[in-house]
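Dear colleague,

I am passing the structure below on to you, together with some notes on what turned up when it was examined. Please read the notes with the structure open beside you.

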Number of protein chains: 2
Amino acid sequence: MKAIPSLLVLASLLAGESCLVQSAEPVDDWKPATSNQRGKQYPQVNSEGRVKFHVAAPQAHNVTVSFRDSSPFIQGEDGAWTGITRPLDEGFHYYTINLGGAEVPDPNSLFLFGANRWGSAVEVPAHDQDFYALKNVPHGRLREVLFHSKSTDSVRRAFVYTPPDYDQDLNPRYPVLYLQHGWGENEYGWGVQGRANLILDNLIAANRIRPFIVVMIYGMTNETPFGGLRNFDIRPFETVLIDEVIPFIDDNFRTLSDQPHRAMAGLSMGGMETKMITLRHLDKFSHIGLFSGGNIRPEDIADMAAFKARNKLVFVSYGSREERGATAARESTDALKQAGIDSHYYESPETAHEWQSWRRSLYQMAPLLFRN
Amino acid sequence: MKAIPSLLVLASLLAGESCLVQSAEPVDDWKPATSNQRGKQYPQVNSEGRVKFHVAAPQAHNVTVSFRDSSPFIQGEDGAWTGITRPLDEGFHYYTINLGGAEVPDPNSLFLFGANRWGSAVEVPAHDQDFYALKNVPHGRLREVLFHSKSTDSVRRAFVYTPPDYDQDLNPRYPVLYLQHGWGENEYGWGVQGRANLILDNLIAANRIRPFIVVMIYGMTNETPFGGLRNFDIRPFETVLIDEVIPFIDDNFRTLSDQPHRAMAGLSMGGMETKMITLRHLDKFSHIGLFSGGNIRPEDIADMAAFKARNKLVFVSYGSREERGATAARESTDALKQAGIDSHYYESPETAHEWQSWRRSLYQMAPLLFRN
């Protein structure tokens with residue numbers, strides 16, 4: 001099959017759209033992405049963070065990818081279509097392939113849940129990827145836990161991370177972090193694309209944190225259309241978490257079940273949930289983390305004296321590319337500090353509202369948890 | 001967009017190919033498949049076991065699905081393509097959508113690992129689906145376990161099922177079943193499409209089995225091209241299982257670690273592995289299960305007296321549509337019985353070399369394990 005530029009390619013060449021992207025030749029050090037299915041050679045990533053796709057679609061008339069500013073896809077003699085993205089930020093990105101108007105996952109990619117569907121994603125190697133790498137260190141365990149929720153009359157799934165020693169020494173009890181995903185995601189997020197288990201395994205192996213249990217449940221956020229957050233009702237999730245999940249976890253795992261040993265954190269809409277729930281349940285949570293998910297200002301706190309007496313940590317983070325949120329969070333952190341709260345701000349360099357920011361946020365927050 | 005029959009549709013209509021499939025109108029009681037992603041209305045399944053697809057691909061020129069004898073896909077006015085399969089067997093089936101020559105997963109389906117890739121599958125409700133249904137009963141836990149394998153110098157993944165009481169009463173020790181997937185599959189198979197955890201949860205809730213631990217690891221089968229099984233070398237996997245995984249599991253879980261309390265079973269190529277390994281390690285395994293994966297004849301056993309002294313169960317099963325294997329397995333089961341072995345044969349009604357046969361096989365074998 002001969003390579004015939006499609007109309008769209010010609011149109012975009014005429015419009016000069018692709019000249020910018022294509023002006024400098026991409027660096028030719030392509031490697032298969034680590035997010036590929038086993039044995040798949042594409043997509044590939046180069047040292048600039050560009051991603052090259054190769055989609056076998058001999059009879060297709062047009063192929064595109066959801067990354068903006070990608071080069072037009074060109075069909076090669078083998079019938080496969082090749083396209084290259086602009087340099088992407090370090091870390092993890094969801095994407096979709098469009099084939100004949102159909103939005104489909106890339107068959108070469110592993111499938112992860114985001115944007116409300118299981119679909120494709122690509123991992124652009126980060127300069128600091130070592131902290132979430134799979135290494136030959138003692139590993140904790142991620143378990144799928146099925147529990148009945150009375151308030152929703154459903155069997156629900158949680159993932160629970162237990163530290164490496166949990167199953168070997170049956171005596172110690174551990175603090176617990178309740179860790180929430182964002183809108184369009186679910187309870188798989190932190191254990192799969194978030195790599196929470198590997199981040200904690202590595203921190204524990206380096207003796208940099210106090211080992212703790214992590215509980216990841218579905219935040220019931222996806223019923224709310226994006227942009228409709230003002231109408232979000234926290235109560236159904238609050239009931240599941242406070243009245244059902246926490247007692248279940250304390251019954252079924254060797255937890256330290258008092259307030260000083262319970263934390264909650266979340267990303268994006270999970271941060272919003274964390275803020276709403278922890279401020280209403282000072283008696284249940286001592287440590288609070290919001291990752292790209294708002295901030296806590298002194299005026300959010302109804303009774304500052306009570307908060308100071310019970311809260312041990314407010315940790316807020318943003319990606320440096322999330323400018324508005326980051327600026328507000330720096331300010332709120334300073335204000336909380338002045339009010340005498342142990343308040344921390346972290347900014348992930350050159351990342352946006354994406355998982356690399358949140359992996360780094362967990363990595364930064366974990367050493368601050370349960371220190372006394 | 002107007003519905004224009006594609007050339008292929010016209011060709012197949014002219015050839016009369018689709019007339020047979022389309023002659024009787026499908027029963028109009030379509031329901032979204034339980035294997036769909038949350039909120040997706042298609043694919044749908046009817047009471048005949050037909051599957052109806054609906055693929056949004058406005059600019060595509062042809063859409064097909066990998067189920068043979070499906071009706072040609074017709075594009076509707078909304079640009080989406082609809083096609084219907086023949087009546088399929090009860091249970092779980094992998095499939096692929098073809099769009100413009102590209103083999104892609106159906107974006108509406110959950111993604112499962114089979115045929116050497118993460119891809120689409122559809123669940124056709126079975127008359128006996130209750131035994132693997134998610135119910136409000138006490139649930140065991142499936143944990144992801146990462147361990148270092150010295151012989152392969154890699155960190156490998158296992159899934160370990162522990163029974164409902166495992167984390168609550170920390171005293172009892174449990175027997176262990178090592179349970180293998182087939183060629184083109186991996187360690188996820190039994191816990192995801194196999195529903196091993198739900199099958200055991202339900203059997204335990206009904207007090208029909210002695211609770212046991214299940215260990216699911218990658219059988220290292222996918223490096224061998226299908227059809228090249230004669231050249232399959234069992235030793236690398238045997239080393240991982242016998243020298244690395246079993247000691248690791250006995251160190252890290254509350255197992256009964258003696259031979260009478262250790263079983264091995266597998267499906268298809270995993271059955272072949274089970275046979276090879278258990279016959280060479282009578283001192284390690286007392287119970288053997290082969291699901292659509294060959295059989296054990298008296299002449300396979302080197303020392304019948306030793307085997308009779310140590311083996312507690314040989315369980316062999318096939319789907320009724322696997323005629324050759326089923327016939328041979330019936331014969332070998334009788335021959336073993338005559339030799340004094342506790343030998344059982346089970347045949348899954350009206351299923352082929354697919355997961356419904358294997359779910360039923362686990363369900364049938366589990367009550368026979370570890371009875372004394």
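In helix H8 of chain A, the buried residues are A:Trp355, A:Gln356, A:Ser357, A:Trp358, A:Arg359, A:Arg360, A:Ser361, A:Leu362 and A:Met365. Please keep in mind here, and throughout, that this is a predicted model. Because nine of the 11 residues of this helix, which covers residues 355-365 of chain A, are buried, H8(A) is largely enclosed by the rest of the structure.

When the whole structure is searched for cavities of 30 Å³ or more, one is found, and the largest cavity holds about 70 Å³ of space. Residues of both chains line the largest cavity: from chain A these are A:Tyr166, A:Asp167, A:Leu170, A:Asn252, A:Phe253 and A:Arg254, and from chain B they are B:Tyr166, B:Asp167, B:Leu170 and B:Arg254. Sorted by class, the lining of the largest cavity consists of five nonpolar residues, one polar residue and four charged residues.

There is also a pocket to look at in chain B. The second largest pocket contains about 580 Å³ of space, and among the 23 residues lining this pocket, those closest to its centre are B:Phe92, B:His93, B:Tyr94, B:His353 and B:Glu354. Two elements of chain B, strand S7 (91-95) and helix H8 (355-365), each give two or more residues to the lining of the second largest pocket, and S7(B) gives the most, with three residues. The lining of the second largest pocket is made up, by class, of 11 nonpolar, seven polar and five charged residues.

Which way do helices H4 and H5 of chain B cross, right-handed or left-handed? Helix H4 (residues 235-252) of chain B packs against helix H5 (residues 269-280) of chain B at an angle of about 60°, and their axes are 11 Å apart. With that angle, H4(B) counts as oblique to H5(B), and the crossing of H4(B) and H5(B) is right-handed.

Finally, a word on a single residue. B:Met304 belongs to helix H6 of chain B, which covers residues 304-310. Since buried means under 20% relative accessible area, B:Met304, with a relative accessible area of 21%, is partly exposed. B:Met304 and B:Phe131 are 173 residues apart along the chain, and their C-alpha atoms are separated by 36 Å.

With kind regards

Terms used: Residues numbered from 1 in each chain as written. Chains lettered and ligands numbered in written order. Predicted model: local features only at pLDDT ≥ 70, side-chain atom pairs only at ≥ 80, totals over all residues. Heavy atoms only, no water. Buried < 20%, exposed > 50% of the residue type's maximum accessible area, 1.4 Å probe, protein only. Helix = DSSP H or I, 4+ residues; strand = E, 2+ residues; numbered from the N terminus. 1 Å grid on protein atoms, 1.4 Å probe; cavity = no way out; pocket = protein on both sides within 12 Å on 5 of 7 lines; lining within 4 Å. Points joined across faces, edges and corners; volume = space filled by probe spheres on them. Nonpolar A, V, L, I, M, F, W, Y, C, P; charged D, E, K, R; others polar. Axes fitted to C-alpha atoms, helices over the stretch in contact; angles between N-to-C directions. Parallel < 35°, antiparallel > 145°, perpendicular 65-115°, else oblique. Left-handed = near helix turned anticlockwise from the far one by under 90°.
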